Amino acid sequence: MRRWAFLFRPGWLALAATVLAFAYLCFTVLAPWQLGKNTSTSRENTQIANAVDAEPVPLTSLLPHQDSAAPDAQWRPVTATGHYLPDAQVLVRLRVVDGVPAFEVLVPFAVEHGPTVLVNRGYVRPLEASKVPPIPAPPAGTVTVTGRLRDPQQQIPGKDPFTENGIRQVYSINTGQVTALTGVPLTGSYLQLIADQPGGLGVLTLPHLDAGPFLSYGIQWIAFGIIAPICLGYFLYSEIRVRRAEHAAAQGDADGADDAPPPMTVEQKLADRYGRRR
């Protein structure tokens, strides 16, 4: 049992616990995280590809009620007739468009015989790096707009909405958060205007179809989760081989010591010495 006692030393226990914890995280957290992002990206790319040449449909066919959402129709072009609610305008700060900082401008839009949907009018550039520029008001009265349906974004933890100089600002396009901020009920999906629309500002273009590195990252984490325990097993096997060799060598030395003749006495040494001379 002494040969195996090293396995219970704090150093080995800590190493084994670290390797097993790392492998567990690879399979349960890191790989699913990257593979989930790959699935989400692939789904969005498919929706974009299907929507590029699709003909616009009435918004009310996909969002018939105030509590409607259309996650399966993201990026689908739709048309809506109604009027803007400019008093409930909200800005999205810390956005980047074409590599340059921007504000995106959100305004609720009341659809005739339909729900109220949040409309992303587009973007404006800040003044002096961070100041809100003058923003043209949307047209009054009834207008017809065309845009693409979008899924709401996740709220950013620790980034709460605020009002500065009478301007409401948020950090993500979350329809529930905008509803709470403005008091205007909104559908789950929102509308992003395309070019040349009433009330439109700087046009937000379709993203590039890029699957990204998420699939390869996910496979790498799975590989790391497999390799780490194998390496631990190899080090353990190597340690056992070394200890077995040391034990065999020590046993051989002990056996050799038992077979050796007993040491000669002084009288025997003298007799042997003088006997050889004669």
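Residues 24 or more positions apart account for 69% of the contacts with a separation of 6 or more in the protein chain, a contact meaning heavy atoms within 4.5 Å. The model is a predicted one, in which local features need pLDDT of at least 70 and side-chain atom pairs count only at pLDDT 80 or more, while totals for chains, interfaces and linings use all residues. Residues are numbered from 1 along each chain as its sequence is written, and side-chain values use heavy atoms, with hydrogens and water left out.

The protein chain has five helices and nine strands, taken from DSSP runs numbered from the N terminus (helices: H or I, at least four residues; strands: E, at least two). Read from the N terminus, the order of elements is α-β-α-β-β-β-β-β-β-β-α-β-α-α. Of the 278 residues, 34% count as buried; here buried means under 20% relative accessible area, exposed over 50%, and partly exposed in between, with a 1.4 Å probe and protein chains only. The chain exposes about 16,800 Å², with carbon and sulfur atoms supplying 59% of it; accessible areas come from the Shrake-Rupley method with a 1.4 Å probe, and for residues only the protein chains shown count as cover.

Rings of Phe, Tyr and Trp (its six-membered ring) pair if their centres lie within 6.5 Å, and planes under 30 degrees apart count as stacked, over 60 as edge-to-face and the rest as tilted. Tyr84 and Phe109 make an edge-to-face pair, at 5.0 Å centre to centre and with 80° between the planes. Because Tyr84 belongs to strand β2 (residues 77-84) and Phe109 to strand β4 (residues 100-111), this pair ties together parts that are 25 residues apart in sequence. Tyr84 is buried at a relative accessible area of 5%, and Phe109 is buried at 0%. Phe162 and Tyr171 form a tilted pair, with 6.2 Å centre to centre and 45° between the planes. In this pair Phe162 is partly exposed, at 25% relative accessibility, whereas Tyr171 is buried at 16%.

The next feature is a pocket. On a 1 Å grid over the protein atoms alone, a pocket is an open set of points where a 1.4 Å probe fits, with protein on both sides within 12 Å along at least five of seven lines; its lining residues have an atom within 4 Å of a point. The largest pocket has a volume of about 390 Å³, that is, the space filled by probe spheres set on grid points joined across faces, edges and corners. Its lining comprises 16 residues, and Val96, Glu104, Arg150, Leu204 and Thr205 lie nearest the centre. The elements giving two or more residues to this lining are β3 (90-97) and β9 (190-193), and β3 gives the most, with three residues.

Some single residues also deserve a look. Gln177, in helix α3 (residues 175-182), is buried at 8% relative accessibility. Leaving aside neighbours within four places in sequence, Gln177 is in contact with Gln155, Lys159, Pro161, Val170 and Ser172. Most residues other than glycine have a negative phi. Trp75, however, has a positive phi near 75°; Trp75 sits in the loop between α2 (59-62) and β2 and is buried at 2%. Asp98 likewise has a positive phi, near 55°, and lies in the loop between β3 and β4, but Asp98 is exposed, with a relative accessible area of 68%.
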